[in-house]
Amino acid sequence: MSKSIIVIVILLLVGGMFGCSSYNGLVQKDENVNEQWAKVQSQYQRRADLIPNLVNTVKGAAEFERGTLTDVINARAKATSTQVNVDDLSPENIQKFQAAQDQLSGALSRLLVSVERYPDLKANQNFLELQAQLEGTENRITVARNDFNAVVNDYNQSVRTFPNAIFAGIFGFDRKGFFEASQASQNAPTVTF
């Protein structure tokens, strides 16, 4: 009888240690996802901060179509007001966030294409610097989103594989959503002058 109690106690201790290790590993991966999400948001915020300067430079240097500028301003407002709580990175919430960002990207693209009609603006050093910063920011956003998707993939694999799946279910670790390409990105943009 005492031998069987010792075996049960040892099994419980081993199971408890494994459970603690699994839990701590899931917490670490969850925090990695949170950190990468913060980096993604930081890059989108950088873009949002550059836009007013870009719009004012364009506005000051050209008799510009008000509709295009209004679209950019409105899209920026919507993109900065659409927030996703780090505790709820569901595919649906990330898709809503991405839709607002895609709308802003589209408005910026139309703005930059329209600028081609204004040679004085293209020669303006402030505009050229802002455009280069905006392009660099778009690249940073892509890198941050790719890094986010990599840590989400690692996290989701941990949450779904046995035996971590048992502990993930017990402790409430749910799958996280990925950034996905928007439907609009499937078609190349049309540039007309």
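Residues are numbered from 1 along each chain as its sequence is written. The model is predicted, with local features requiring pLDDT of at least 70 and side-chain atom pairs counted only at pLDDT 80 or more, while totals for chains, interfaces and linings use all residues; side-chain values use heavy atoms, without hydrogens and water.

Side chains of opposite charge can pair when their charged atoms come close. With a salt bridge defined as a side-chain nitrogen of Lys or Arg within 4 Å of a carboxyl oxygen of Asp or Glu, the count is four. One of them joins lysine 29 to aspartate 154, with 2.9 Å between the closest N and O atoms. This pair links distant parts of the chain, since lysine 29 lies in helix 1 (residues 2-61) and aspartate 154 in helix 5 (residues 125-160), 125 residues apart. Helices here are DSSP runs (H or I, at least four residues), numbered from the N terminus. Aspartate 154 has a relative accessible area of 33% and is partly exposed; buried denotes under 20%, exposed over 50%, and partly exposed the range in between (1.4 Å probe, protein chains only).

Arginine 47 and glutamate 138 form another salt bridge, with the closest N and O atoms 3.0 Å apart. Here too distant parts of the chain are linked, arginine 47 being in helix 1 and glutamate 138 in helix 5, 91 residues apart. Arginine 47 is buried at 1% relative accessible area, whereas glutamate 138 is partly exposed at 26%.

Within helix 1, glutamate 35 and lysine 39 are four residues apart, and therefore separated by about one helical turn. Their side chains meet in a salt bridge at 3.6 Å, N to O. Glutamate 35 is partly exposed, at 41%, and lysine 39 is also partly exposed, at 38%.

Aromatic pairs are rings of Phe, Tyr and Trp (its six-membered ring) with centres within 6.5 Å; planes under 30 degrees apart are stacked, over 60 edge-to-face, and the rest tilted. The structure holds nine such pairs. Among them, tyrosine 23 and phenylalanine 173 have ring centres 5.7 Å apart and planes at 70 degrees, so the pair is edge-to-face. Tyrosine 23 belongs to helix 1 and phenylalanine 173 to the segment after helix 6 (164-171), 150 residues apart. Tyrosine 23 is partly exposed at 33%, while phenylalanine 173 is buried at 10%.

Tyrosine 44 and phenylalanine 97 also pair edge-to-face, at 5.3 Å centre to centre and 80 degrees between the planes. Tyrosine 44 is in helix 1 and phenylalanine 97 in helix 3 (residues 91-115), 53 residues apart. Tyrosine 44 is buried at 6%, and phenylalanine 97 is buried at 2%. Ring pairs link Tyr44 and Phe97 with Trp37, Phe148 and Phe179 into a cluster.

Terms used: Helices (H or I, at least four residues) and strands (E, at least two) are DSSP runs, numbered from the N terminus.
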